[in-house]
Amino acid sequence: MPFPATRMRRLRRSGLLRDMVRETELSASHLALPMFVELGTDSRTPIAAMPGVDRLSISHAVEEAGRAHALGVPAVLLFGIPADKDLQGSGAYDDEGVVALAVRAIKDAHPELVVMTDVCLCGYTSHGHCGVVRPDGDVDNDITLELLAKTAICHARAGADAVAPSDMMDGRVGALRAQLDAEDHKDTTIVAYSAKFASAFYGPFREAAGSAPAFGDRRTYQLDPANGDEAVREALLDVEEGADVVMVKPALAYLDVIRRVKDEVRVPVAAYHVSGEYAMLEAAAANGWIDRRAAVLEALTSIRRAGADIVFSYHAPEVAEWLR
Ligand code: PBG
């Protein structure tokens with residue numbers, strides 16, 4: 001052979017060399033921790049399909065958020081478990097509801113921590129759909145928009161730094177932005193779940209939030225897992241409507257979508273490593289089938305490599321601890 005074979009291994013010979021040429025950085029500063037908050041005093045309710053994650057009463061949520069913050073995790077994302085559910089999801093926009101109370105308590109205790117809230121009705125409606133259901137069984141887009149805007153205002157008023165609409169109604173980002181601006185919440189950030197797929201990987205979350213649809217499914221509003229072009233289009237639309245950050249969700253089965261969205265938009269991109277992805281790693285690790293720590297770090301690094309600026313992960317505090 002006239003030339004020596006290209007020796008790719010030269011740069012892999014030592015840890016220091018590998019560190020020098022590493023292309024993707026995983027650090028706590030890019031992570032956000034989703035949390036489930038319930039009413040009640042001093043309660044922690046385990047979630048069977050998410051070992052290590054509990055539904056927390058507000059006092060515990062304040063503590064947990066503080067722990068994450070101390071470890072370098074800059075943000076939390078709150079999901080509320082209301083006392084009651086009804087057809088209009090009125091718990092979602094109750095100023096004395098669980099999320100409003102939790103936001104106030106967390107911001108009081110940890111003013112610098114970025115507090116984001118999930119804006120959707122599915123955890124608050126008796127039928128478990130993400131909006132108001134019409135007599136024909138479909139979710140009414142435009143009536144739902146009004147309730148989502150009310151929800152965002154309620155969270156902003158409580159002190160949320162960012163609202164994250166996850167309902168997938170058309171026009172919600174524009175509706176939220178208009179309402180927030182009109183009510184003097186111009187600095188409230190919108191983190192839009194733009195490319196949210198109708199995924200089987202939300203199963204454990206629905207157990208946690210008690211939000212599984214009582215009938216039908218979410219395929220008339222969430223994206224078909226087969227569609228990448230449509231995901232990019234959704235992200236572009238949300239940017240046009242005023243999204244500050246766009247999100248792809250789930251993450252690992254949609255790394256190509258994360259990359260495509262990253263290449264198309266000029267706003268930060270987030271990805272959500274969802275409950276089912278968490279559960280798969282935990283189940284395999286609990287059986288001794290994978291090295292838990294290595295697998296979690298590899299999964300989150302891959303999501304960053306695909307193009308995510310921000311990664312939502314239930315593993316965030318632990319990963320932050322590992323990376324210290
Ligand atoms: C609410 C919502 C869901 C998730 C985040 N926001 C569930 C759903 O759409 O059914 C899933 C998060 C996860 O699985 O970790 N619309």
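**Close-up views of a predicted model**

**View 1. Strands β1 and β10 pair in parallel.** Strand β1 (residues 31-38) runs parallel to strand β10 (residues 310-313), and 2 bridges join them. Two strands count as paired if DSSP finds at least two bridges between them. Helices (H or I, at least four residues) and strands (E, at least two) are DSSP runs, numbered from the N terminus. Ala 32 has Phe 312 as its bridge partner in β10. This is a predicted model, in which local features need pLDDT of at least 70 and side-chain atom pairs count only at pLDDT 80 or more, while totals for chains, interfaces and linings use all residues. Residues are numbered from 1 along each chain as its sequence is written, and side-chain values use heavy atoms, with hydrogens and water left out.

**View 2. Strand β10 also pairs with β9.** The strands β9 and β10 run parallel and are joined by 4 bridges. Phe 312 of β10 is the bridge partner of Tyr 272. Strand β9 (residues 269-273) in turn pairs with β8 in the parallel sense, over 3 bridges. In that pairing, Met 247 stands opposite Ala 270 in β9.

**View 3. Strand β8 is largely enclosed by the rest of the structure.** Buried means under 20% relative accessible area, exposed over 50%, and partly exposed in between (1.4 Å probe, protein chains only). In a regular strand the side chains alternate between the two faces of the sheet. From β8, Val 245, Met 247 and Lys 249 point one way, Val 246 and Val 248 point the other way, and all are buried. Strand β7 (residues 189-196) runs parallel to β8, with 5 bridges joining the two. Ala 192 stands opposite Val 246 in β8.

**View 4. Helices α3 and α4 cross at roughly 25°.** The axes of helix α3 (residues 98-109) and helix α4 (residues 141-158) come within 8 Å. Axes are lines fitted to C-alpha atoms, for helices over the stretch in contact, and angles run from 0 to 180 degrees between N-to-C directions. The two helices α3 and α4 are therefore roughly parallel to each other. Angles under 35 degrees count as roughly parallel, over 145 as roughly antiparallel, 65 to 115 as roughly perpendicular and the rest as oblique. Val 99, Ala 100, Val 103 and Arg 104 of α3 make the contact (heavy atoms within 4.5 Å) with Cys 154, His 155 and Ala 158 of α4. By class, this contact has 5 nonpolar, 1 polar and 1 charged residues. Ala, Val, Leu, Ile, Met, Phe, Trp, Tyr, Cys and Pro count as nonpolar, Asp, Glu, Lys and Arg as charged, and the others, Gly among them, as polar.

**View 5. Helices α7 and α8 pack at an angle of about 40°.** The axes of helix α7 (residues 229-241) and helix α8 (residues 255-264) are 9 Å apart. That angle makes α7 oblique to α8. The contact involves Asp 229, Ala 231, Val 232, Ala 235 and Leu 236 of α7, together with Val 257, Arg 260, Val 261 and Glu 264 of α8. These residues divide into 6 nonpolar, no polar and 3 charged.

**View 6. Ala 175 lies in helix α5.** Helix α5 covers residues 172-182. Ala 175 is partly exposed, with a relative accessible area of 22%. Ala 175 touches Leu 145 and Ala 149, not counting residues up to four places away in sequence.
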